[in-house]
Amino acid sequence: MFPTLKDPGGLRRDALASLVVFLVALPLCVGVAVASGVPAELGLITGIVGGLVVGALPGSTFQVSGPAAGLTVLVAEAVQEFGLGALGVIVLATGVLQVALGALRLGRWFRAISVAVVQGMLAGIGLVILLGQLYTMSGHQQPGSGPEKIAGIPALSARIATDRDNLTAFAVGAATIAVLVLWKKLPRRARTVPAPLAAVALATAVTALAGLSVARVEVEGLLGAVQPPGPDDFTALTGLACLSTVLAFTLIASAESLFSAAAVDRMHRGPRTDYDKELMAQGVGNALCGVLGSLPMTAVILRSAANVQAGAVSALSRFLHGLWLLLFAALLPAAIGVIPLAALAGVLVHAGCKLIPVKDLWPLWRDHRGEAVVLAVTALAIVVTNMFEGVLLGLVLAVVKTAWETSHIHVEVHPRADGGLTVTITGNATFLRLPRMLETLEALPGNRPVELDLSQLRHLDHACRTALVAWADRHGATIRAVAHQGAPDTGT
């Protein structure tokens, strides 16, 4: 299963890489769970399953799975609407659907999703995380909707400025963000400790030593947090709202995992990812997480990149990182209870900001304005509505944009020796360009014979064909076309 077990050198490199990934994953597992509105241990359970189960399955060699910041918004909405028990059912159904899609060899098709939609999805998620965690970072309950979060920022700022406890919590979160930002500027030897772990550890130590009164993570114990869904929870799947949530989980988790796989493959020269097997592995992991009542999982680029950069040589490193998470959660659960919530919120604010492609926006607008519009509309729709509707709107807009861009036509009017006119239409004639074609035809003089030359069209859809034939009938024009385009071979 793991080739490096017979290679002492490779085994040592995998073991060291697994420790690095474990240190990166630990604060993120806890932080994602808290941000999702579920017990912190459920994030660790998902991380453990991602390591011990998905890490042992074929698909990707170096990709690491676990709870992802990109799903926190959707998970929080699902828990709020359907309850914590139904979350397990939703995650289980998501896993089963992912396994089916992988078995049908549809994994590779997830790469066909518009990059602008994916970037917009991540940017929207980043904005929602950023807006929501600002409230958590200052010790307040965050509002339910995106517009309410935006509208509440002035009042939140006033409370931070006037209330000592709020200011203290916000300072802890802000200091955590500062450590994360400045950590990469430290000497390389100091950066052997992952930035998220260092930031959370420093915040925890400072608040403990200074005796600061800030909210901390509540701990129940690993086994106590496991709540498999009951028979009554499965009734949620009979509702359209729950089924749409399952589809949203499946789309986002699968797309994020497979896009992450493509990015990770560019970081190393080892075996390439089998997208169908990776999708099935993610499905098995999510199905098991659903049975355990924990958070959904995706492949996470931050942990996967840390795995590659730490020198992993096989899938053993991602398996071992799950083992370290299990041992930590089983042997040192009390260590989680001393972590300030504001510090975890700071980690997630930083993660949310990294999901927003600020540096890419201007070049994208300059070179591909249509893609920039799709990205912006998708992100804003997610903030204003919800994840599913925002992504759906982005996909529809991307399809419309593609149809518009590919339906270029060129209309030329040529006089003939007999006094008539020949109108030549070239390109792709779709309903999107129909108004322009009809405007040109309606402007022609009515006292001269007209021939429509459609023989140079690469595509002629039904709407255009019907409209052009109707115009030709009204004006006594003839049509020249080839049979495979679906238009008449001879005129009327």
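Does K401 count as buried or exposed, and at what relative accessibility? K401 counts as buried because its relative accessibility is 14%; buried means under 20% relative accessible area, exposed over 50%, and partly exposed in between, with a 1.4 Å probe and protein chains only. The structure is a predicted model, in which local features need pLDDT of at least 70, side-chain atom pairs count only at pLDDT 80 or more, and totals for chains, interfaces and linings use all residues. Residues are numbered from 1 along each chain as its sequence is written, and side-chain values use heavy atoms, with hydrogens and water left out.

K401 lies in helix α18, residues 387-406. Helices are DSSP runs of H or I with at least four residues, numbered from the N terminus. K401 touches G370, E371 and V374, leaving aside residues up to four places away in sequence. Contact means heavy atoms within 4.5 Å.

Helix α4 has 20 residues, which should span 28 Å at 1.5 Å a residue. The expected span is 1.5 Å times one less than the number of residues. The end C-alpha atoms of α4 are 29 Å apart, which agrees. Buried residues of α4 include L87, V91 and L101. Among the elements that cover the buried residues of α4 are α3 (72-82), α11 (240-265) and α12 (275-292).

After α4 comes R105, with a positive phi near 60 degrees. L106 sits in the loop between α4 (84-103) and α5 (115-137). L106 counts as partly exposed because its relative accessibility is 33%.

Conventions. Helix = DSSP H or I, 4+ residues; strand = E, 2+ residues; numbered from the N terminus.
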